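Let's take a walk through one fold together. Have a look at the chain below, and then we'll go through some of its parts.

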Amino acid sequence: MDVIKEKGLKPERYQIQSFDVRQIQEVNQNYPYVVTGFLTGNKNKSLEENLKELGYVPQVYSPNFQLATPELIEKAHSYGMKFVPWTVNEQEDMKRLIGWGVDGIITDYPHLLSELK
């Protein structure tokens with residue numbers, strides 16, 4: 001956050017995402033105006049279990065794309081979170097997820113995603 005402040009970045013220009021709950025908890029507690037996202041690849045924890053561990057509802061929920069289902073997307077939306085899965089590198093997966101209503105996609109190949117629009 002010191003670097004962000006030093007650079008004069010406005011909160012609408014960035015967000016903090018992490019797999020480590022401690023990092024985004026600290027950001028949420030000390031900088032509540034900053035958008036936070038929780039990244040997860042743990043197939044053994046439910047959305048509710050992740051939120052309980054976090055202790056708050058982040059603005060963005062980002063599971064591994066293989067964990068995404070229409071039901072999970074709908075559930076995240078019911079909590080007011082955006083659903084942005086990672087790392088989606090195949091166009092067929094991108095198409096399916098877009099059809100299910102994701103709010104964004106994390107990919108190593110943004111050009112493949114832009115070809116779909």
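## Strands and the helices between them

Strands S2 and S3 run parallel and are joined by four bridges. (Strands are DSSP runs of E with at least two residues, helices are runs of H or I with at least four, and both are numbered from the N terminus; two strands pair if DSSP finds at least two bridges between them.) To get from S2 to S3 the chain passes through H3, and this β-α-β crossover is right-handed. That word means that, with the strands pointing away from the viewer, the path from the first strand over the helix to the second runs clockwise.

Before going on, note that this is a predicted model, where local features need pLDDT of at least 70 and side-chain atom pairs count only at pLDDT 80 or more, while totals for chains, interfaces and linings use all residues. Residues are numbered from 1 along each chain as its sequence is written, and side-chain values use heavy atoms, with hydrogens and water left out.

S3 also pairs with strand S4 (residues 82-83), again in the parallel sense, over two bridges. Here the chain crosses from S3 through H4 to S4, in another right-handed β-α-β crossover. Here are two partners across these strands:

| Residue | Partner |
|---|---|
| Gly37 | Val60 in S3 |

Which way do the residues of S3 point? Val60 and Ser62 go one way, Tyr61 and Pro63 go the other, and all are buried. Buried means under 20% relative accessible area, exposed over 50%, and partly exposed in between (1.4 Å probe, protein chains only).

## Helix H3 and Leu51

Now for the helix. Leu47, Asn50, Leu51 and Leu54 are buried in H3. Looking down the axis of H3, you'd find its buried residues within an arc of 95 degrees, so they line one face of the helix. (The arc is that of the directions from the helix axis to the C-beta atoms.) Their cover includes helix H2 (21-30), strand S2 (36-40), S3 and H4. After H3 comes Gly55, with a positive phi near 85 degrees.

Leu51 sits in H3 (residues 47-54) and has a relative accessible area of 9%. Not counting residues up to four places away in sequence, Leu51 touches Tyr56, Val57, Pro58, Tyr79 and Met81; contact means heavy atoms within 4.5 Å.

## Asn64

Asn64 is in the loop between S3 (60-63) and H4 (70-78). Asn64 is buried too, with a relative accessible area of 17%.
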